[in-house]
Amino acid sequence: LSASVPARSTSTPSGVLVRRHSKSGASRAISRSTAAPPCAKKRPAFCEESQNRCMSLRRRSSLLLLLRFSASSAEADLELVRGWPERPPGSAAKRLTLIRHAEALHNRDARQMPNYFTDGLGHTAAYWDSPLTPEGEQQARLLAGKLQFRQEVGSPQLVAVSPMTRTLQTASLAFPDIPEPAAGRAPLVRPPFVATSLARERIGNHSCDGRRERVALEGEFPHVDFSEVADGADEMWEHKEVEPDGMNSTACGARAGRLLAWLWRRPEPEIAVVSHWVFLSHLLRPHGFDDAFVQMGNAEMRFVTLQERAARPSSRSSSDSSSGPKQEL
């Protein structure tokens with residue numbers, strides 16, 4: 001299962017022309033230091049305590065987010081449950097494969113460059129809508145191997161993908177179109193792709209989360225339906241989703257709820273959603289996923305079912321002794 005991603009040039013809002021090649025990072029002008037960061041030599045004792053405090057605050061924030069969006073989830077009468085339980089006949093439940101994009105340029109450089117955060121490199125035009133690295137492309141091809149047996153039998157029936165370059169590349173490599181496979185293999189027919197801005201990463205200040213113009217994406221990914229994406233430049237970039245904070249964004253959580261409603265209205269019973277970690281965390285936490293705040297790895301998958309919320313007895317029925325025994329749900 002092999003595919004290549006062509007070199008491309010992008011124009012950022014600031015007018016800086018950035019030329020990238022997916023097979024090499026040599027054309028970028030950012031200096032790279034090979035020295036290990038100072039904290040790598042000796043880990044102060046307080047670091048672990050600080051990390052534990054941060055984890056505790058994240059858990060508390062997760063509970064607050066759960067409470068904040070539980071009302072809107074109840075209004076939609078939809079819920080996410082872990083895994084793919086057996087669907088009863090006639091059930092409208094949808095099996096979702098949630099996929100985080102493979103390694104992108106900003107992921108690699110944030111890990112390898114000691115000055116990536118201290119010098120604010122992630123806010124520069126060099127990372128606008130950053131593409132996959134060669135390692136990321138390989139991760140996506142390995143993902144295709146894991147998904148191939150399902151694709152051979154026509155699953156999923158739809159790929160809903162964030163309109164960012166790294167997610168479009170990941171989805172395209174993970175679900176290839178191979179009409180003439182090697183001997184002994186069944187042909188692979190790529191399922192329909194629909195790009196939706198509802199699945200974008202939480203909008204913050206990192207350049208990697210800025211979108212290229214739709215016309216450029218349509219030329220690079222002709223197999224994707226971009227009708228759900230606004231024409232022209234990025235219409236969401238100026239509307240930051242960082243209140244009350246980036247990991248507990250009210251706006252991002254509301255958008256995640258709208259994505260679930262959009263998926264529910266789709267006719268396909270099995271859908272792959274290729275998106276981003278922070279957004280997927282906002283998608284899962286309101287539904288009681290304790291591990292939703294744990295960072296997903298690049299090209300990691302999680303399997304959930306979208307279904308109608310189980311009926312719960314009202315306070316009136318639970319207090320009515322004449323209606324017989326009540327079952328706790």
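**Close-up 1. Packing of helix H4 against helix H5 in the predicted model.** Helix H4, residues 134–152, and helix H5, residues 165–174, pack with their axes 7 Å apart and at an angle of about 45°. The two helices are therefore oblique to each other. The crossing of H4 and H5 is right-handed.

**Close-up 2. Residues in the contact of H4 with H5.** On the H4 side, the contact is made by Glu137, Ala140, Arg141, Leu143, Ala144, Leu147 and Gln151. They meet Thr170, Leu173 and Ala174 of H5. By class, the residues of this contact divide into 6 nonpolar, 2 polar and 2 charged.

**Close-up 3. The aromatic pair Tyr116 and Phe117.** A pair of aromatic rings is described by the distance of the centres and the angle of the planes. With ring pairs counted when the centres lie within 6.5 Å, the count comes to 4 aromatic pairs. In one of them, Tyr116 and Phe117, the ring centres are 5.0 Å apart and the planes stand at 85°, so the pair is edge-to-face. Tyr116 has 4% relative accessibility and therefore counts as buried. Phe117 has 57% relative accessibility and therefore counts as exposed. Ring pairs also link Tyr116 and Phe117 with Tyr127 into a cluster.

**Close-up 4. The aromatic pair Trp128 and Trp237.** The rings of Trp128 and Trp237 have their centres 5.0 Å apart, and their planes are at 70°, so this pair is edge-to-face. Trp128 lies in the loop between helix H3 (105–112) and H4, while Trp237 lies in the loop between strand S7 (224–228) and strand S8 (244–245). The pair therefore ties together parts that are 109 residues apart in sequence. Both Trp128 and Trp237 are buried.

**Close-up 5. His282 in helix H8.** Helix H8 covers residues 277–284, and His282 lies in this helix. Is His282 buried or exposed? At 1% relative accessibility, His282 counts as buried, because the cut-off for buried is under 20%. Ala256 is 26 residues away from His282 along the chain, and the C-alpha atoms of these two residues are separated by 6.6 Å.

How values were computed. Residues are numbered from 1 along each chain as its sequence is written. This is a predicted model: local features need pLDDT of at least 70, side-chain atom pairs count only at pLDDT 80 or more; totals for chains, interfaces and linings use all residues. Side-chain values use heavy atoms; hydrogens and water are left out. Axes are lines fitted to C-alpha atoms, for helices over the stretch in contact, and angles run from 0 to 180 degrees between N-to-C directions. Helices (H or I, at least four residues) and strands (E, at least two) are DSSP runs, numbered from the N terminus. Angles under 35 degrees count as roughly parallel, over 145 as roughly antiparallel, 65 to 115 as roughly perpendicular and the rest as oblique. A crossing is left-handed if the near helix is turned anticlockwise from the far one by less than a right angle, and right-handed if clockwise. Contact means heavy atoms within 4.5 Å. Ala, Val, Leu, Ile, Met, Phe, Trp, Tyr, Cys and Pro count as nonpolar, Asp, Glu, Lys and Arg as charged, and the others, Gly among them, as polar. Rings of Phe, Tyr and Trp (its six-membered ring) pair if their centres lie within 6.5 Å; planes under 30 degrees apart count as stacked, over 60 as edge-to-face and the rest as tilted. Buried means under 20% relative accessible area, exposed over 50%, partly exposed in between (1.4 Å probe, protein chains only).
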